[in-house]
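Visitor: I am new to this structure and would like a close look at a single part of it. Please pick one residue and then show me what lies around it and along the rest of the chain.

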Amino acid sequence: MANSIDGNVLAAKSLAKFGVQHMFGVVGIPVTSLATRSVSLGIRFIAFHNEQSAGYAASAYGYLTGRPGVLLTVSGPGCIHGLAGLSNSAANTWPMVMISGSCDQSDAGRGDFQELDQIQAVKPFSKFSIKATKITEIPNCVAQVLNWALLGRPGGCYLDLPTDVLHQKVSLSEAENLITEAAEKVFNSGNQLNQIRIPDNGLVSEAASLLKNAAKPLIVIGKGAAYARAEAALKKLVETTGIPFLPTPMGKGVLPDTHDLAATAARSLAIGSCDVALVVGARLNWLLHFGEPPKWSKDVKFILVDISEEEIELRKPHLGLVGDAKTVVETLNKEIKDDPFCLARNHPWVEAIWKKSKDNVAKMEAQLAKDIVPFNFLTPMRIIRDAILGVGSPAPVVVSEGANTMDVGRAVLIQTEPRTRLDAGTWGTMGVGLGYCIAAAVACPDRLVVAVEGDSGFGFSAIEVETLVRYQLSVVVIVFNNGGVYGGDRRTPEEMNGAHKDDPAPTSFVPKAGYHALIEAFGGKGYLVGTPDELKYALSESFSTRKPAVINVIVDPYAGSESGRLQHKN
């Protein structure tokens, strides 16, 4: 049939027609042809070594672009490995679609190659899952998962493509009709799923009144505000009203950390004393201490802005505004314009936040100013901070994971532009680093990508440095090498007993491991550094060349401490 195409081509044509520009994954039976056909139709396929990292890339791509990141896996174990990315997408509420091949439908239940009920396997992590049971269903299935990923609160969706369906054929003319019909049914109908919800005017008016009459108002900015591209609206709100703001870790950069009204360095005072908190695109989960005492005042009134009505019902704030963060804040700005107010620079609340921030920054800078060798965490982090700021605009995307490395980085590294920080996020996921780096390099080709990683976090996905080299991505990976999880052997003498007492400690890695040599094996550039001058040179050269590199920073194994939750002592 010269004028016919198979399911692989139809799926690739559907993805391309519906706007997919990039795809991440690991190929093999039965999806290799789907990947190659997608490339021939203009979709860039980034081939990974492991579906876990590819899935993390797809989830971060969805956040950075506002379009669903697409992950392609083989059946069975490939699908299971991909669940890491799908679950991360669900936890962070980022749009993503996982597409997996599956066994021939006629062989299901008979122990076929890599057989798995994948629809059931993905169920806990997928907003919407569907299987194409025949070739003619493929375009509609593709359209649905892409659209559902953006519906309301974004998240992960799943598409199952059985082997027999990928091998079925339709005529080229029928394929074009099927794609057109799917587009009209899903994307062009009056029931389009991802329409922006407009907030209730009465509730917006009440929110404006609460902020105006508050003695100690605070604006909390989450990564949902970054995803919604709400930075201009939030800048106007903050600067019109004079209200201090506090970003969550990935909300950093929506407004610059250097802004006069930034309360990051006075976090404990800000959340502990505010009486009205406008929370935009953030959930009152563990990252914000659930919005409960003792971290928050028992009398604080929360105004919660969220795309999900279910989230507002769960948290039961004083006032809930359901809608897209950008749209809600723009509406709030219009309301305030009709009845303006602004906290002066000498307002007691603004003055208290400013003074506490200034004092805490001064204390931190005094510690950062010291050149400690062997390195602690602060000395190299200061040098890295200054190098990143020296790049200017467009600012680099900073990817960070690890225990001490990420925690210290959150306090020291400065974000000046939105969507330039990616870290362990809502789920506290380790192993995201290299996948996030690759997603950022693909989604933001004009930006340098800088990963600041603990050696444990780096180890989850270290082999993907080959992927960096293969695609020549502008990524510099900085590994804080302190010889283990939290550092080397942390056992007390009482714990060093038993039949295996001479084994390495559960927290230990090989001391001073040559992580920089790993990328050199594939043709990239590696640096081994242990002094400030060596680190400055490595950063200067790697940042200027913008070629794949790993900087192996040797850190005192006893410089860190056990960490797993945000510790804020300011």
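Guide: Let us start with Lys512, which counts as exposed at 65% relative accessibility. Here exposed means over 50% relative accessible area, buried means under 20%, and partly exposed lies in between, using a 1.4 Å probe and protein chains only. Before we go on, please keep in mind that this is a predicted model, in which local features need pLDDT of at least 70 and side-chain atom pairs count only at pLDDT 80 or more, while totals for chains, interfaces and linings use all residues. Residues are numbered from 1 along each chain as its sequence is written, and side-chain values use heavy atoms, with hydrogens and water left out.

Lys512 sits in the loop between β17 and α21 (515–520). Such labels are DSSP runs numbered from the N terminus: helices are H or I with at least four residues, and strands are E with at least two. The backbone is worth a look here too, as Lys512 has a positive phi of about 50° although it is not a glycine. Most residues other than glycine have a negative phi. Arg229 also has a positive phi without being a glycine, near 60°. You can find Arg229 in the loop between α10 (223–227) and α11 (231–241), and with a relative accessible area of 27% it is partly exposed.

β17 (residues 475–481) runs parallel to β19 (residues 549–554), and six bridges join them. One of the pairs is Asn481 with its bridge partner Ile554 in β19. Both strands belong to an open sheet of six with parallel pairing, in the order β15-β14-β16-β17-β19-β18. Two strands count as paired if DSSP finds at least two bridges between them. At the edges stand β15 (421–422) and β18 (525–529); each has a single partner strand, so one side of each is left without a neighbour in the sheet.

In UniProt, an unreviewed entry places the feature "domain: Thiamine pyrophosphate enzyme TPP-binding" at residues 402–553. UniProt positions are given in the numbering used here, feature names are shortened, and annotations may be inferred rather than shown by experiment. Over residues 402–553, the chain is 36% helix and 16% strand, with end C-alpha atoms 14 Å apart.

Next, look at the chain before that stretch. Pro394 lies in the loop between α16 and β14 (397–401), and the peptide bond from Ser393 to Pro394 is cis, with omega near 0°. A cis peptide bond also joins Pro293 and Pro294, where omega is about 10°. Most peptide bonds are trans. Pro294 is in the loop between β11 (276–280) and β12 (301–306).

Gly392, which follows α16, has a positive phi near 80°. Helix α16 itself has 14 residues (378–391), which should span 20 Å at 1.5 Å a residue, and its end C-alpha atoms are 20 Å apart, which agrees. The expected span is 1.5 Å times one less than the number of residues. Ten of the 14 residues of α16 are buried, so the helix is mostly covered; among the buried ones are Leu378, Arg382, Arg385 and Ile388.

What about the cysteines? A search of the whole structure finds zero disulfides, a disulfide being a pair of cysteine sulfur atoms within 2.5 Å. Cys437 is buried at 0% relative accessibility, and its sulfur is 12 Å from the closest cysteine sulfur, in Cys444, which is too far for a bond.

Finally, step back to the whole protein chain. The chain comes to 22 helices and 19 strands. Its radius of gyration is 25 Å, close to the 25 Å that the globule rule gives for 570 residues, so the chain is as compact as a globular protein of that length. That radius is taken over C-alpha atoms, and the rule is 2.2 Å times the number of residues to the power 0.38. Along its principal axes the C-alpha trace spans about 75 × 65 × 50 Å, and 57% of the 570 residues count as buried.
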